[in-house]
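The following is a walk through a structure with several chains. Please keep the sequence and the coordinates open while reading.

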Amino acid sequence: MPILEHLWIIPLLPLLGATVNGLFGRTWPNKIVNSVAVGATGLSFLAALEAVREFFLLSPEQIPWVRQYFSWIEAGNFRAGFDLQVDQLTVVMLLVVTGVGWLIHIYSMGYMAHEGGYYRFFAYLNLFMFFMLILVMAANYVLLFVGWEGVGLASYLLIGFYFLRKSAADAGKKAFIVNRIGDFGFMLGMFLLFRTFGTLDFVKLFDTATPLSAEAMGHLGTLTVACLLLFMGAAGKSAQIPLYVWLPDAMEGPTPVSALIHAATMVTAGVYVVARSHVLFMRAPTAMLVVAVVGCATALFAATIGLVQTDIKKVLAYSTVSQLGYMFLACGVGAFSAGIFHLMTHAFFKALLFLAAGSVIHAMGGEQDLLHMGGLSKKIKWTFRTMFVGTLAIAGIPPLAGFFSKDSILLSAYQSENGGPNAGHILYVAGLLTALLTSFYMFRLIFLTFFGKERYDEHHVHVHESPKSMLVPLAILAVLSIVGGWLAAPAFWGKPDYFAKFLEPVFAAPTGSEAGTAEAVAHALETPLAIVAVIIATLGGLAAWWLYLKQPDKPDALAKSFSGVYRTLLHKYYVDEFYNAAIVRPLLWLSTNVFWKTVDVSIIDGAVNGIAEGITVVGDGTRRTQSGNTRSYAVWVVVGAIVIVAVIFWPHVRPVLGVAR
Amino acid sequence: MTAPLIIFFVLATLAVGGALSLIFQKHPIHSALSLIVVMVALAGLYLLMGAEFVAAVQIIVYGGAIMVLFVFVIMLLNAGIEEHTNFSKLAGFPGLLLAFALTGFIAATIARSTDTVQAASQPGNMASTRDLSTMIFKDFVYPFELTSFLILVAVLGAIVLAQREAKP
Amino acid sequence: MIPTNYYIVLSAILFGLGVLAFIFKRNIISIFMSIELMLNAVNLAFVAFSQAMHKLDGQVFVLFVIVVAAAEAAVGLAIIILTARNRQSLNVERVDLLKL
């Protein structure tokens with residue numbers, strides 16, 4: 001079992017690529033930087049495939065497969081080491097991260113070919129792969145957190161890649177700071193877990209927690225608080241309410257970055273953490289309810305904003321936030337495998353959509369505004385075809401991947417009883433509404449970009465198809481978007497859902513009988529709900545077609561008549577302005593006036609300068625004793641004599657002083 | 001009021017008077033003569049305490065040699081009434097206070113530790129010169145020799161320092 | 001007999017007067033004489049204690065003090081002669097070369 005014994009190879013290869021490119025790549029030609037970076041990621045992907053192959057040869061008792069590489073922290077009974085673990089969930093995440101990551105690396109070869117800082121881009125991208133792999137393969141929360149922070153760093157570096165542009169630098173800072181707020185919650189959650197269970201190893205912690213019953217720690221007990229704190233971290237990383245504000249701004253980075261980090265992998269880290277901690281979440285129903293509600297609300301909220309955005313990447317960004325909400329909704333109602341399944345299919349079609357959008361932008365010479373595009377379907381055929389496949393996938397049209405994953409989420413939501421007998425129904429309706437909006441804005445994007453009148457100047461923009469290095473990954477991702485969902489398809493005609501079955505050892509249900517009845521009910525509802533979902537998706541598409549192709553003037557008229565609503569949506573519900581006024585400005589005021597002017601300048605500098613000045617004053621005073629006048633010296637001699645007498649005869653001197661008083 | 005006590009007070013008054021005169025006289029020669037008075041009074045007090053040898057040495061050495069030296073130097077340097085300069089601010093009122101403070105400290109400190117010091121017993125029955133010399137040449141012979149060496153050094157030093165500059 | 005305390009107080013008074021003279025006199029020879037006064041006061045104290053404790057060590061020490069005072073007076077006066085030749089004045093406040 002060569003790779004399984006040496007799991008560290010998988011993250012190490014991209015790290016090597018990053019180091020080599022970072023240190024030496026400055027003077028190398030693009031070809032060499034390419035080979036190092038893409039080669040490193042490719043080898044990592046092959047290593048991951050080999051690891052998966054070996055994994056299938058393991059017997060069930062060996063899973064989860066943990067290997068400890070070195071002890072990082074050892075304090076008393078607590079040990080946090082560089083331990084890597086492989087179980088079914090890791091397998092899914094590994095393949096997604098390395099596979100999609102490799103495709104995006106190949107795409108970037110063509111996309112970034114004319115950009116400055118080529119080597120820097122690939123160094124950062126490889127660094128990101130390293131941290132992400134650490135994150136998904138970690139066997140304890142501490143190492144996971146290392147990866148967590150690392151991907152945040154890589155995200156900052158890559159968002160601010162064009163750091164000479166102020167908006168890009170600001171976006172990088174915003175992403176990092178908002179992430180940090182989530183990380184604070186994550187850390188507190190880790191500390192609480194450590195205090196409760198004494199260990200942060202996944203295997204040990206979950207074994208200790210498994211025997212506890214669902215209400216063991218009460219409604220707002222330790223487990224609930226710990227899970228809510230972990231979710232706070234996840235909300236920061238995966239852009240849920242209220243920490244989603246960084247993701248739309250993150251579109252300042254190059255498009256491959258948006259595809260890899262802010263669609264397929266980094267933002268899914270939050271979902272991964274919640275899924276990994278499902279043992280804890282299942283025993284904290286209140287936390288699960290919060291996760292489901294926040295996820296559902298975010299999904300709907302982001303979808304409404306996406307309706308009116310005009311930047312092609314911003315639409316996709318809000319779409320990502322919305323789809324992440326779906327994943328959290330799934331985890332919140334207990335359908336963890338459905339959430340992970342949606343994570344996987346989303347990685348495929350969202351990466352595809354972003355890369356295709358990048359191809360469009362590349363074709364249009366840098367134009368990103370939807371209102372300045374149109375009629376491109378004939379000119380960039382392959383980009384159009386792959387992007388259309390992606391749109392169908394995300395809208396949930398069968399038999400593409402999105403349909404299966406979204407459908408299983410909605411089904412689980414419908415059946416959820418957490419929070420009340422029909423609570424699940426509310427979640428289901430909200431999810432359905434979001435699906436409608438998703439379909440609508442995605443088709444809007446397609447129609448505005450590829451159909452209709454050409455709203456750009458032919459003479460300034462030379463629309464050209466992208467090179468093969470960019471198109472081949474698009475094609476591969478399109479194929480994956482079509483077939484990726486078929487792993488779960490058999491559920492429709494009675495056979496088991498392969499994906500869920502694969503993940504079953506990880507997400508085993510608490511009791512067997514519950515699972516049995518749930519499955520039976522599920523089976524009966526599945527087909528009607530699926531039909532409803534398809535109808536909704538088609539309705540969305542039709543509405544977009546009618547508004548943007550049949551009657552192109554209607555959208556403007558609607559915008560004018562509902563101008564208040566339109567403007568609120570266009571300004572993203574003014575959330576950024578609210579945060580700025582309520583949080584950023586008071587903090588800045590506090591920092592300037594209290595911490596800078598008072599504490600730093602007056603108190604600290606004042607103390608230090610004051611000491612120096614005091615010494616000067618004392619020195620000035622003491623100088624006067626050296627007057628050069630002999631008679632004064634005589635008096636000082638007398639003073640010294642008095643002091644010596646007083647010191648030596650202190651017991652006798654004290655009564656004298658008392659009498660004198 | 002026994003006779004020794006009266007003698008003591010007389011001699012004490014003499015000593016203090018001489019010291020006061022030393023302070024308040026303007027011409028240094030008058031101060032020197034006042035100092036001689038103080039020394040004679042102290043010699044008398046030593047006699048009162050029964051230390052005859054010390055009294056004799058006091059008069060011979062202090063009064064007869066050191067004070068004569070002082071008078072010679074005053075005459076050699078033609079010292080006149082000292083001029084009244086007042087450059088030192090400290091040496092005025094604060095100096096006065098401090099001097100009183102020092103005196104008071106010392107006096108009170110020693111006067112209060114009466115338990116270790118009793119009244120004197122019969123005078124004259126132990127301070128014989130023979131005993132004194134035995135002590136000097138037996139127990140304190142080393143300091144004695146050192147002091148003779150010290151005097152030699154002092155003589156040499158005084159001669160060298162006070163030479164007239166060699167004329168070229 | 002006369003209590004030792006009387007001698008001690010007298011010694012202290014003489015010492016204090018010596019200190020006063022030390023501070024107030026401006027003629028350098030007068031200052032020197034005040035030092036001799038202080039030494040005498042101390043001698044008185046030594047002899048008084050020697051008598052009170054019935055030991056002769058105090059008087060031996062007095063002899064040594066007198067000897068040292070003599071040596072010191074000789075050298076000190078030689079220095080005074082030199083200084084007076086150099087500064088043409090016996091006022092101690094005129095010797096202020098250390099003043100800034």
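The model is predicted. Chain A holds 27 helices and two strands. Along the principal axes, its C-alpha atoms fill a box of roughly 110 × 70 × 55 Å. Of the 661 residues in chain A, 53% are buried. Among contacts in chain A with a separation of 6 or more, 80% are between residues 24 or more positions apart.

Some backbone details of chain A sit in loops. In the loop between helix 9 (222-237) and helix 10 (246-249) of chain A lies A:Pro242, and the peptide bond that joins A:Ile241 to A:Pro242 is cis, with omega about -5°. The loop between helix 9 and helix 10 of chain A also contains A:Ala239. This alanine has a phi near 55°, a positive value in a residue other than glycine. Is A:Ala239 buried or exposed? A:Ala239 counts as buried because its relative accessibility is 0%, and the cut-off for buried is under 20%. A cis peptide bond is also found between A:Pro398 and A:Pro399, where omega is about -5°. A:Pro399 belongs to the loop between helix 17 (381-395) and helix 18 (401-415) of chain A.

The next subject is the contact of chain A with chain C. Ten residues of chain A and 13 residues of chain C take part. The two chains bury about 930 Å² between them, and 59% of this area is on carbon and sulfur atoms. How many salt bridges does the rule find across the interface of chain A and chain C? The rule finds one, and the partners are A:Arg631 and C:Glu93, whose closest N and O atoms are 3.1 Å apart. On the side of chain A that touches chain C, helix 26 (residues 630-648) of chain A gives the most, with six residues. By class, that side has four nonpolar, four polar and two charged residues. Three residue pairs are in polar contact across the interface of chain A and chain C.

Chain B is divided into domain 1, residues 1-81, and domain 2, residues 128-168. The C-alpha centres of these two domains of chain B lie 23 Å apart.

Between chain B and chain C, the contact takes 83 residues from chain B and 68 residues from chain C. About 7100 Å² is buried between chain B and chain C, 77% of it on carbon and sulfur atoms. Within chain B, the residues that lose the most area to chain C are B:Met49, B:Tyr62 and B:Phe70, which together make up 10% of what that side buries. Zero salt bridges are counted between chain B and chain C, while seven residue pairs are in polar contact. Several elements of chain B give two or more residues to the side that touches chain C, including helix 1 (3-24), helix 2 (28-49) and helix 3 (52-76). Helix 3 of chain B gives the most to that side, with 13 residues. By class, the side of chain B that touches chain C has 63 nonpolar, 16 polar and four charged residues.

One backbone detail of chain C remains. C:His54 is found in the loop between helix 2 (28-53) and helix 3 (57-87) of chain C. Its phi is near 55°, a positive value in a residue other than glycine. C:His54 is partly exposed, with a relative accessible area of 43%.

Methods: Residues are numbered from 1 along each chain as its sequence is written. Chains are lettered from A and ligands numbered from 1 in the order in which they are written. This is a predicted model: local features need pLDDT of at least 70, side-chain atom pairs count only at pLDDT 80 or more; totals for chains, interfaces and linings use all residues. Side-chain values use heavy atoms; hydrogens and water are left out. Domain bounds come from an automatic or database domain assignment. Contact means heavy atoms within 4.5 Å. Buried area is the accessible area (1.4 Å probe) that two parts lose on being put together, summed over both. A salt bridge is a side-chain nitrogen of Lys or Arg within 4 Å of a carboxyl oxygen of Asp or Glu. A polar contact is a pair of N or O atoms within 3.5 Å; within protein, one must be able to donate a hydrogen and the other to accept it, and residues adjacent in sequence count only if both atoms are side-chain atoms. Helices (H or I, at least four residues) and strands (E, at least two) are DSSP runs, numbered from the N terminus. Ala, Val, Leu, Ile, Met, Phe, Trp, Tyr, Cys and Pro count as nonpolar, Asp, Glu, Lys and Arg as charged, and the others, Gly among them, as polar. Buried means under 20% relative accessible area, exposed over 50%, partly exposed in between (1.4 Å probe, protein chains only).
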